[in-house]
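Please look over the sequence and the structure, then read the points below.

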Amino acid sequence: MDVVGGEECSGVQEEAAAAQQSFSWAPSVSTDPVWALLQQAIKLKAEGKAFYQDKKIRSSISRYHHALLIIRSLDADVMTYVKQFGPERPALTPEQYELLRNTQVDCYNNLAACLLQKKDVDYARVRDYSLRVLQWRPGDVKALYRAGVATLELGDAETAKKHLTQACREHPNDANVKKHLQRAEEKLSQELEKEKAMYKGMFSSTVKSTSGED
């Protein structure tokens with residue numbers, strides 16, 4: 001699979017079916033507010049993917065952001081800091097937590113893909129979203145690729161090379177990964193040549209100055 005094209009090819013119907021299957025072992029989904037919110041977030045993620053496939057990037061971004069807002073309201077890591085402002089939610093079960101985290105990571109990954117499709121790309125946000133994905137999925141090839149591309153565009157060729165090299169190990173035949181890895185290596189080579197030239201100039205000036213004093 002080409003990591004640039006971004007997201008899975010399944011349609012919104014398949015995504016919704018997968019979501020329904022995820023809830024098949026959850027008791028009383030309709031009456032449990034946690035399960036209901038998770039289901040809503042997954043539905044929004046599926047809608048976001050469908051909009052992305054239809055090239056409706058703004059609508060896709062909106063759905064992913066909405067899904068993430070719902071997830072934030074359930075995430076114990078976030079809500080710990082705002083407990084005093086409202087009623088405390090019950091702790092998530094391991095199954096709920098896994099589903100929450102997977103949905104959250106998918107949304108950040110897909111958001112990064114959406115942003116790369118915009119005319120004026122916000123590479124800082126692409127990098128940040130991709131790094132969030134890598135916190136939870138260190139070997140995610142799509143996130144590694146996007147983090148590498150964004151970091152390269154932001155001027156950090158060394159870090160970009162690390163991300164792209166790891167992505168290339170996972171997808172050694174991917175032309176886009178290879179292309180941007182080559183760009184990173186070329187930029188590092190250019191920076192090294194400039195550094196050598198700078199030090200050579202400084203050395204020459206020092207020698208001339210010393211000769212003049214003599």
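Is glutamate 47 buried, partly exposed or exposed? With a relative accessible area of 21%, glutamate 47 is partly exposed, because buried means under 20% and exposed over 50%. The model is a predicted one. The protein chain has nine helices and zero strands, and 37% of its 214 residues are buried.

**Overall build**

- From the N terminus on, the order of elements in the protein chain is α-α-α-α-α-α-α-α-α.
- Among the contacts in the protein chain with a separation of 6 or more, 64% are between residues 24 or more positions apart.
- The protein chain exposes about 12700 Å², and carbon and sulfur atoms supply 52% of that area.

- In one of them, the side chains of glutamate 47 and arginine 63 meet, with an N to O distance of 3.0 Å.
- Glutamate 47 lies in helix 2 (residues 33-53) and arginine 63 in helix 3 (residues 57-74), so this pair ties together parts that are 16 residues apart in sequence.
- Arginine 63 counts as partly exposed, at 25% relative accessibility.

- Arginine 137 and aspartate 106 form a salt bridge in which the closest N and O atoms are 3.0 Å apart.
- The pair links distant parts of the chain, 31 residues apart: aspartate 106 belongs to helix 5 (residues 94-116), and arginine 137 to the loop between helix 6 (123-136) and helix 7 (141-153).
- Aspartate 106 has a relative accessible area of 17% and is therefore buried, whereas arginine 137, at 23% relative accessibility, counts as partly exposed.

- Aspartate 128 counts as partly exposed at 34% relative accessibility, and arginine 127 counts as partly exposed at 28%.

**Negative patch on the surface**

- Asp156, Glu158, Glu191 and Glu195 gather on the surface in a patch of negative charge.
- One of these residues, glutamate 191, lies in helix 9 (residues 175-213).
- Glutamate 191 counts as partly exposed, with a relative accessibility of 35%.

How values were computed
Residues numbered from 1 in each chain as written. Predicted model: local features only at pLDDT ≥ 70, side-chain atom pairs only at ≥ 80, totals over all residues. Heavy atoms only, no water. Patch = residues over 30% accessible without salt bridge, like charges linked within 9 Å, V, L, I, M, F, W, Y side chains within 5 Å. Areas by Shrake-Rupley, 256 points an atom, 1.4 Å probe, with all protein chains shown as cover. Salt bridge = Lys/Arg side-chain N within 4 Å of Asp/Glu carboxyl O. Lys, Arg positive; Asp, Glu negative; His and termini not counted. Charge placed at Lys NZ, Arg CZ, Asp CG, Glu CD. Helix = DSSP H or I, 4+ residues; strand = E, 2+ residues; numbered from the N terminus. Buried < 20%, exposed > 50% of the residue type's maximum accessible area, 1.4 Å probe, protein only. Contact = heavy atoms within 4.5 Å.
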